[in-house]
Amino acid sequence: MNLAHTTYSGGDTSLFESISNDIVEKGYSIRPYALPEDLTCLLLQHIIELPTDKFKRAGIGRAKGHMINDFIRTDEISWITHNNPASCAWIKWTESLQAYLNRRLFLGLFSFESHFAHYAKGDFYKRHKDAFKGEGNRVLSVVVYLNQQWSADDGGELVIYDKKSRISTVVDNSQIKVIPSFGTIVIFLSEEFPHEVLPAKRDRYSIAGWFRLNNSIANNIDPPS
Ligand code: OGA
Ligand code: MN
């Protein structure tokens with residue numbers, strides 16, 4: 001099946017609606033096993049077949065401020081482009097989500113960037129935010145997980161810190177732990193939620209992406225491609 005030509009617009013409407021309601025209510029959405037299964041399989045297949053030299057140590061900060069920091073994060077990443085059918089299908093799915101969220105929430109999401117991430121045994125990403133007020137054009141963070149049969153003993157949970165949270169998935173009234181299971185989708189407002197990845201005890205595969213605002217000013221087109 002050629003998923004690159006699938007729009008998902010019909011099939012995912014109720015998922016997109018749930019995500020959008022979650023964001024309005026809480027600022028984040030956690031949807032276990034929600035990514036279409038055929039798409040999740042395609043992405044997993046792609047990521048495990050990616051040659052290791054396509055992955056690079058992830059840094060922190062952008063452009064000139066970019067640096068590798070072993071104390072903050074140790075994962076490896078590979079930026080996603082339209083160079084294979086799995087990535088095309090993923091980008092297409094995020095475009096449908098973007099269109100839906102712009103229609104329902106008037107978020108003004110303009111572009112999307114994402115990367116595959118591989119956490120080997122022992123890898124982590126310490127508490128951080130994906131965007132900072134004032135600086136930010138990253139509005140919404142999206143993470144999906146590609147790990148089959150992930151058990152509680154495998155570590156690698158995503159911890160989201162939410163000061164305001166009152167719901168039952170909360171462990172100690174401020175931490176929400178997400179098991180990085182196959183097809184689970186996590187979406188949150190990039191400036192609002194500090195989060196971290198606990199050390200993984202086995203190979204952990206995910207995609208992290210960000211919807212951004214249009215920061216074009218004068219003749220500077222953003223993104224600059
Ligand atoms: C990130 C990130 C979370 C995860 O890449 O910025 O927070 O669970 N990833 O992989
Ligand atoms: Mn992050």
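Is Asp130 buried or exposed? At 14% relative accessibility, Asp130 counts as buried. Buried means under 20% relative accessible area, exposed over 50%, and partly exposed in between, with a 1.4 Å probe and protein chains only.

The model is predicted: local features need pLDDT of at least 70, side-chain atom pairs count only at pLDDT 80 or more, and totals for chains, interfaces and linings use all residues. Residues are numbered from 1 along each chain as its sequence is written, chains are lettered from A and ligands numbered from 1 in the order in which they are written, and side-chain values use heavy atoms, with hydrogens and water left out.

**View 1. Three residues coordinate the manganese ion (ligand 2).** The donors are His128 (NE2), Asp130 (OD) and His195 (NE2), at 2.1 to 2.2 Å. Donors are N, O and S atoms within 2.8 Å of the metal (3.2 Å for Na, K and Ca); water is not among the atoms, so the site may look incomplete. The donor residues follow the spacing H-x1-D-x64-H in sequence. Asp130 sits in the loop between strand S5 (125–128) and strand S6 (138–145), and His195 in strand S10 (residues 195–197), so the pair ties together parts that are 65 residues apart in sequence. Strands (E, at least two residues) and helices (H or I, at least four) are DSSP runs, numbered from the N terminus. His195 is buried, at 5% relative accessible area.

**View 2. The surroundings of ligand 1 comprise 14 residues.** The closest are His128, Tyr145, His195, Arg204 and Ser206. A residue counts as near if one of its heavy atoms lies within 4 Å. An oxygen atom of ligand 1 is 3.0 Å from a side-chain N or O atom of His195. For Asp130, the corresponding distance is 3.3 Å. For Ser206, it is 3.3 Å. The protein covers 98% of the 300 Å² of accessible area that ligand 1 has on its own. Accessible areas come from the Shrake-Rupley method with a 1.4 Å probe; for residues, only the protein chains shown count as cover.

**View 3. Strand S9 pairs with S1 and S6.** Pairing requires at least two DSSP bridges between two strands. Strand S1 (residues 28–31) runs antiparallel to S9, joined by 4 bridges. Here Arg31 stands opposite Ile185. S6 and S9 are also antiparallel, over 5 bridges. Val142 stands opposite Ile187. In S9 (residues 185–189), 4 of the 5 residues are buried, so the strand is largely enclosed by the rest of the structure.

**View 4. Cys41 is partly exposed, whereas Cys88 is buried.** Cys41 has a relative accessible area of 36%. Cys88 has 19%. The whole structure contains 0 disulfides, defined as cysteine sulfur pairs within 2.5 Å.

How values were computed
Polar contact = N/O pair within 3.5 Å; in protein donor to acceptor, adjacent residues only side chain to side chain.
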